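Work through the exercises below with the model open. Try each task before you read its solution.

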Amino acid sequence: MYIVVAYNWINDKLTDKCSVGLFRSLKNAKRFCSFDLPYNKSRNTVAILKVATGPKCYSRPVVTMQWCPTYEVYVPIATEDTRSKVVIDW
């Protein structure tokens, strides 16, 4: 299972976090983020996390996306970006 978490990334800090979807496949989660998820001014970044079985409620993002005003969709960011390495709880 994959969970989609939207949050605001300002000055290397994660704020205003909320979960926006739960999906069975990574492909469906990516499609939702790219085409169906509307832009929220208070949340400029989206992370897709793999949900493991058991009581664990935190993870590193599998895919991290940021809002692109040119194309008006969320686009993936580089894996070297700090946002791709932050541990996120839900």
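**Exercise 1.** Which residues does Asn 8 contact, leaving aside its neighbours within four places in sequence?

*Solution.* Start with contacts, meaning heavy atoms within 4.5 Å. Asn 8 touches Lys 13, Leu 14, Thr 15, Asp 16, Ser 42, Arg 43 and Asn 44. Strands are DSSP runs of E, at least two residues; helices are runs of H or I, at least four. Asn 8 has a relative accessible area of 10%, so it is buried (under 20%; exposed is over 50%, partly exposed in between; 1.4 Å probe, protein chains only). Last, the side chains of Asn 8 and Asn 44 form a polar contact of 3.3 Å (a pair of N or O atoms within 3.5 Å, one able to donate a hydrogen and the other to accept it; residues adjacent in sequence count only if both atoms are side-chain atoms).

The model is predicted: local features need pLDDT of at least 70, side-chain atom pairs pLDDT 80 or more, while totals for chains, interfaces and linings use all residues. Numbering runs from 1 along each chain, and side-chain values use heavy atoms, without hydrogens or water.

**Exercise 2.** Which members of the largest nonpolar core touch the most other members?

*Solution.* A nonpolar core joins buried Ala, Val, Leu, Ile, Met, Phe, Trp, Tyr and Cys residues through side-chain atoms within 4.5 Å. This core has 14 residues; Val 4, Ala 29, Cys 33, Val 46, Ile 48 and Tyr 74 touch the most others. Strand 1, helix 1 (26–36), strand 3 (45–50) and strand 5 (61–68) each supply at least two core residues. A separate second core of seven residues includes Ile 3, Tyr 7, Trp 9 and Ile 88.
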